[in-house]
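Q: I am new to this structure and would like a close look at one part of it. Could you pick a stretch of strands, walk me through how they are joined, and then show me what else is built around them?

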Amino acid sequence: MHVQFFGAAQRVTGSMHLVQCGPHRVLLDCGLFQGKRSEAYDINRKLPFPAAQIDAVILSHAHVDHSGNLPSLVRQGFRGRIYATSATRELASTLLFDSAKLQQNDLRFVNKRRRENKEPEFHSLYGSEDVVKTIRAFRVRDYEESFEVMPGLTATFFNSGHMLGAASIRLSWAETKQTLVFSGDIGRYQDPMLCAPQVVPDANYVIMEATYGDRLHSDEVDAEGQLFELCQNVWKNRGTILIPAFSIGRTQHVVYLLNKLAESNRLPPFKVFVDSPMAVDATEIYRSHVECFNEQFLQSILQEDDRDPLGFRDLYYVRSAEQSKAINGMKEPLIIISASGMMEGGRILHHLKQRIDDPKTTILFSGYQAEHTLGRRILQGAEFAKIFGVEYPLYCQTMRLDSVSGHADQSELLRWINAVRDAGQLKQIALTHCELEPAQTLRQEMETQGLPPVMIPARGDVMNMEP
Ligand SMILES: [Zn+2]
Ligand SMILES: [Zn+2]
């Protein structure tokens, strides 16, 4: 039994690990690599193995850096099953159709320029017809319910608390009696809605995410206070708060915080818009998956018949383009939550363009801003912002709400791995889903705490799993 790391190896995106047990080849995640366009184009298109040779895929969660290249795999000849939790299947369906559409819109613009420069055109990785085939290959499995992936190879999902449906995956191979645990993305222990990450028992080998291996988040109470203060100040100045947020996860988290302020009468009477069709869909999916919620959150919903934690007076979910455009003309104080989360595209750019010269507007960042994105540049104090090819001077204020992260910080990662160590017979750990520096910091911390040997695999590296 061995595993080869093909993505999210010394970087964050493109999660993809190939497990081989005897004759079986099983893929853990098949994510999109996101980065500079030409590099991303090659890495995503050229799968590092023949797709037809993969027997099955097990998907940790719906985010595109984990699921987004599944339609390429299907397009290139994969005919097996894709196992996931039920919430993951629904969210992945929404995300993958959106991803196919985004690629087409994006390429139209890019190829026009490439034709002018007499460069060869890019082709989209996949279309909606490939997404349809992909969704049909999904097989849904519950948390903590073991199932046979291939003869002798059993898998189980455990809640990883990172987003709705997110899971850690445990794989047990009968022939050698060895167990591999893939953490997936690990969430927070104090998430206001989702369950805390579960302990995965019986691990011999672990592949573990380390996104924030070198960072400590501030806590949730701070986030509410921070948001309260900001709302007060902006309301006083009759301004607007623009919140770029990922449609799935961050948006619901921010809405929930605003809802808490509204319920305790601490939210000034802003009109609040969630302007993203995908966020509207995702919020509906959230409402129907009570199995992913923590006890406290469940109780708070059940206490009152009409309580909706993702809705309050003056909160409007916007789907159509006309409704979205109508927001542009509004002069009263507003809160606008819209995608994309890193300001790389989507409706948030239209809202930014509209209000970029207004010092009474505050851009509130709620999630990770990757290098080379507009979000990162603005957060670092850029004086100009390029929107749809035009440079605008930027007069907005900026602020960061960092505790709204979906990822465990260093102390939570250590808490997770120590619990896994105590519940199994751990021999080796591989750190993935992170830049090199946070991984090295975390490894050092793990060595200090006496954990088993830690590797930081590069793309193509192998971890052997011997009895
Ligand atoms: Zn994720
Ligand atoms: Zn991820």
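A: Strand S2 and strand S3 (residues 24-28) run antiparallel, with 5 bridges joining them. One pair to look for is Val19, whose bridge partner in S3 is Val26. This is a predicted model, so please read everything here as a description of a prediction. In the hairpin of S2 and S3, 2 residues lie between the strands, and Gly22 takes a positive phi near 50 degrees there.

S2 has another partner too: strand S1 (residues 2-7) pairs with S2 in the antiparallel sense, over 5 bridges. Here His2 has Gln20 of S2 as its bridge partner. Is S2 (residues 16-21) enclosed or open? Of its 6 residues, 5 are buried, so S2 is largely enclosed by the rest of the structure. As a general point, strands of a sheet pair through backbone hydrogen bonds, either parallel or antiparallel.

Now let us move on to the sheets. One open sheet has 6 strands with parallel pairing, in the order S14-S13-S15-S12-S16-S19. Strand S14 (315-318) and strand S19 (397-400) are at its edges, and each has a single partner strand, so one side of each is left without a neighbour in the sheet. On average, neighbouring strands of this sheet are turned by 20 degrees against each other, direction ignored. Within it, S13 and S15 pair in the parallel sense over 5 bridges, and Asp275 has Ser338 in S15 as its bridge partner.

Helix H11 lies across S12, S13, S15 and S16 of this sheet, and runs at about 150 degrees to S12. In H11 (residues 347-355), the buried residues are Arg347, Ile348, Leu349, His351, Leu352 and Arg355. Their cover includes strand S12 (240-244), strand S13 (271-275), strand S15 (334-338) and strand S16 (361-365), along with helix H10 (321-328) and strand S17 (384-387).

A second open sheet has 7 strands and mixed pairing, in the order S7-S8-S9-S10-S11-S20-S21. Its edges are strand S7 (147-150) and strand S21 (454-455), each with a single partner strand, so one side of each has no neighbour in the sheet. Strand S8 (residues 153-159) and strand S9 (residues 167-173) pair in the antiparallel sense over 7 bridges; Leu153, for instance, has Trp173 in S9 as its bridge partner.

Helix H14 lies across strand S20 (428-432) and S21, running at about 155 degrees to S20. H14 (residues 436-448) also meets helix H13 (residues 410-422): their axes come within 11 Å and cross at roughly 50 degrees. That angle makes H13 oblique to H14, and the crossing is right-handed. Gln410, Leu413, Leu414 and Ile417 of H13 meet Leu442, Glu445 and Met446 of H14. By class, the residues of this contact are 5 nonpolar, 1 polar and 1 charged.

The axes of helix H4 (residues 86-116) and helix H8 (residues 277-287) come within 10 Å and cross at roughly 170 degrees, which makes H4 roughly antiparallel to H8. Ala87, Glu90, Leu91, Thr94 and Asp98 of H4 meet Met278, Asp281, Ala282 and Ile285 of H8. This contact of H4 with H8 has 5 nonpolar, 1 polar and 3 charged residues.

Terms used
Residues are numbered from 1 along each chain as its sequence is written. Chains are lettered from A and ligands numbered from 1 in the order in which they are written. This is a predicted model: local features need pLDDT of at least 70, side-chain atom pairs count only at pLDDT 80 or more; totals for chains, interfaces and linings use all residues. A residue is buried if 20 or more other C-beta atoms lie within 10 Å of its own, exposed if 12 or fewer, and partly exposed in between; C-beta atoms are placed from the backbone. Helices (H or I, at least four residues) and strands (E, at least two) are DSSP runs, numbered from the N terminus. Two residues are in contact if their C-beta atoms, placed from the backbone, lie within 7 Å. Two strands pair if DSSP finds at least two bridges between them. Axes are lines fitted to C-alpha atoms, for helices over the stretch in contact, and angles run from 0 to 180 degrees between N-to-C directions. Angles under 35 degrees count as roughly parallel, over 145 as roughly antiparallel, 65 to 115 as roughly perpendicular and the rest as oblique. A crossing is left-handed if the near helix is turned anticlockwise from the far one by less than a right angle, and right-handed if clockwise. Ala, Val, Leu, Ile, Met, Phe, Trp, Tyr, Cys and Pro count as nonpolar, Asp, Glu, Lys and Arg as charged, and the others, Gly among them, as polar.
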